[in-house]
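Trainee: I have a model open and some terms to sort out. Can we go through them one at a time?

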Amino acid sequence: MPKRIITSIQAVGHRIIDGIWRLGCAARFFILVLLKSAASFLRFGLVIREVYFVGVLSLIIILVSGLFVGMVLGLQGYETLQKYGSESAVGTLVALSLVRELGPVMSALLFASRAGSAITAEIGLMKATEQLAAMGMMAVDPIARVVAPRFWAGVISMPLLAALFSVMGVFGGYLVAVVFIGVDEGAFWSSMQNAVDFRYDIVNGVIKSCFFGVAVTAIAVFEGFDAPPTAEGVSGATTRTVVTSALAILGLDFVLTSFMFRGVD
Amino acid sequence: MSEPLIEIKDLAFSYSTRPILKSVNMTMSRGKVIAIMGGSGSGKTTLLRLIGGEIKPTAGYVKVADQVVHKLGRNDLFRLRRKMGMLFQFGALFTDLSVFDNVAFQMREHTNLPESMIRDLVLMKLHAVGLRGAYHLMPSELSGGMARRVALARSIALDPMLIMYDEPFTGLDPISLSVIGSLIRRLTDALGMTSIVVTHDVQESLKIVDYVYFLADGVIAAQGTPGEVRESVTPFVHQFVHGEEDGPVPFHYPAEAYPKDLKLERHLA
């Protein structure tokens with residue numbers, strides 16, 4: 001019996017040590033990516049190409065989701081606010097919910113599932129098919145040539161996608177509240193204009209999405225580069241990217257929100 | 001004998017506690033095709049990775065062009081690698097680039113040549129492997145043999161002094177196999193480089209190589225010219241060259257006595 005307990009404790013210890021070890025590897029890898037980013041900026045075409053793959057090709061899912069989220073917000077907001085006779089504030093509710101929280105968080109979650117998983121799978125498969133080893137043997141550093149451009153493309157794309165998500169959300173809220181339900185258009189826009197502050201709301205939302213962009217792409221490139229070079233390894237790494245990114249986004253969101261919006265002026 | 005390009009001395013390598021190479025000594029001359037043969041897991045690919053500086057030996061050294069590979073700094077190693085080519089088992093072509101861009105990859109990364117000159121050079125390299133007409137295809141559109149020929153064109157892009165081939169004949173049909181074999185020989189002679197071919201394919205490689213090393217149990221078990229190898233009476237070489245089922249490399253994985261495993265001892269007793 002004591003032996004079994006000791007074995008269990010050892011197993012827990014091993015898991016914790018492995019986790020910390022992996023976190024250390026990820027941190028070291030992240031620093032390496034930053035150090036080897038010079039080529040990405042000197043040959044910006046490499047980054048632009050990846051912006052197309054991770055950013056432009058994510059547009060459809062981001063825009064459509066943004067529209068639906070905004071429409072739901074418009075409906076739910078109207079439903080609640082009309083009970084208190086303040087249905088004209090639905091514009092404020094839609095805009096603040098989107099630029100502060102839903103825009104950055106939802107677009108980052110969608111970005112992690114659409115682009116993060118693709119980055120991991122691509123890098124993982126390049127490793128499994130010896131493309132990264134071949135690059136190294138050609139005296140070209142795979143971190144500088146393959147990883148860094150994808151990382152920076154994700155970091156650049158994320159805030160832009162979040163902004164577009166919010167814009168489409170506001171449009172969706174407008175469609176439902178003003179066009180379908182008939183809330184006064186002037187009241188919808190003016191309440192929004194009065195309530196949304198550029199520095200406090202919009203800039204903070206953009207800062208959040210920048211943090212999410214760094215977190216999601218850093219996780220995606222690390223998981224891809226670290227994936228065991230087998231079909232099973234790549235599939236596991238892709239799953240880990242989506243799960244870890246989602247947790248990182250939600251955890252970071254709480255930390256950032258607690259710094260940005262503390263409820264006191 | 002011409003000047004040696006590669007000198008391997010008392011080379012040993014272990015993965016954690018499992019020794020892969022124990023004490024390997026080799027000399028490879030410029031302009032020759034050298035085969036390294038041995039069973040699966042005998043350390044052939046590890047040897048290539050040591051020559052390329054991907055991993056460091058636990059003892060001994062590999063010298064390429066008078067430079068000890070594992071002692072080179074990152075920049076010097078990358079400078080040396082620009083003079084090396086490597087053909088991976090399945091080509092390892094960059095799947096997001098066309099055939100043309102794959103061959104042009106190193107030229108664009110390491111030189112400032114104008115695009116017009118790169119175009120000419122790429123077409124010349126592709127012509128050498130008979131695939132000039134396939135320059136616009138993507139790797140997914142190539143057969144296994146064609147992919148390996150493109151990878152060969154890519155590895156000679158910067159006219160290296162050394163090319164390493166990791167199992168270049170695996171999974172090829174007889175025509176592609178013969179084409180790759182003769183290309184290795186012809187390109188080696190035409191470019192005056194050294195080729196190291198790691199292979200299982202005894203018959204095909206004996207047709208094209210100048211010298212053969214046999215690796216077994218982490219050491220060089222035998223060596224010689226193709227003629228010497230064919231005539232060898234060394235049991236291991238004889239078994240390997242003639243593909244015999246049993247010999248020094250046993251058919252059976254070590255196991256308990258057969259009757260004991262089948263629990264027949266009682267009945268036999």
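Mentor: Start with the handedness: helix 5 of chain A and helix 9 of chain A cross in a right-handed way. Keep in mind that the model is predicted.

Trainee: What makes that crossing right-handed?

Mentor: The near helix is turned clockwise from the far one by less than a right angle. That is the right-handed case, and the crossing of helix 5 and helix 9 of chain A belongs to it.

Trainee: Why is helix 5 of chain A called roughly parallel to helix 9 of chain A?

Mentor: Take the angle. Helix 5 covers residues 90-128 of chain A and helix 9 covers residues 198-226 of chain A; their axes cross at roughly 15° and come within 8 Å. Angles under 35 degrees count as roughly parallel. Therefore the pair is roughly parallel.

Trainee: What classes of residue make up the contact of helix 5 of chain A with helix 9 of chain A?

Mentor: There are 15 nonpolar, 10 polar and six charged residues.

Trainee: How many residues does each chain bring to the contact between chain A and chain B?

Mentor: Chain A gives nine residues and chain B gives 13 residues. On the chain A side, six are nonpolar, two polar and one charged.

Trainee: What makes a residue of chain B count as buried, and how many do?

Mentor: The test is 20 or more other C-beta atoms within 10 Å of its own. Of the 269 residues of chain B, 37% pass.

Trainee: Which helices and strands does chain B have, by number, and what does its trace span?

Mentor: Chain B has 11 helices and 10 strands. Its C-alpha trace spans about 85 × 40 × 35 Å along the principal axes.

Key
Residues are numbered from 1 along each chain as its sequence is written. Chains are lettered from A and ligands numbered from 1 in the order in which they are written. This is a predicted model: local features need pLDDT of at least 70, side-chain atom pairs count only at pLDDT 80 or more; totals for chains, interfaces and linings use all residues. Two residues are in contact if their C-beta atoms, placed from the backbone, lie within 7 Å. Ala, Val, Leu, Ile, Met, Phe, Trp, Tyr, Cys and Pro count as nonpolar, Asp, Glu, Lys and Arg as charged, and the others, Gly among them, as polar. Axes are lines fitted to C-alpha atoms, for helices over the stretch in contact, and angles run from 0 to 180 degrees between N-to-C directions. Helices (H or I, at least four residues) and strands (E, at least two) are DSSP runs, numbered from the N terminus. Angles under 35 degrees count as roughly parallel, over 145 as roughly antiparallel, 65 to 115 as roughly perpendicular and the rest as oblique. A residue is buried if 20 or more other C-beta atoms lie within 10 Å of its own, exposed if 12 or fewer, and partly exposed in between; C-beta atoms are placed from the backbone.
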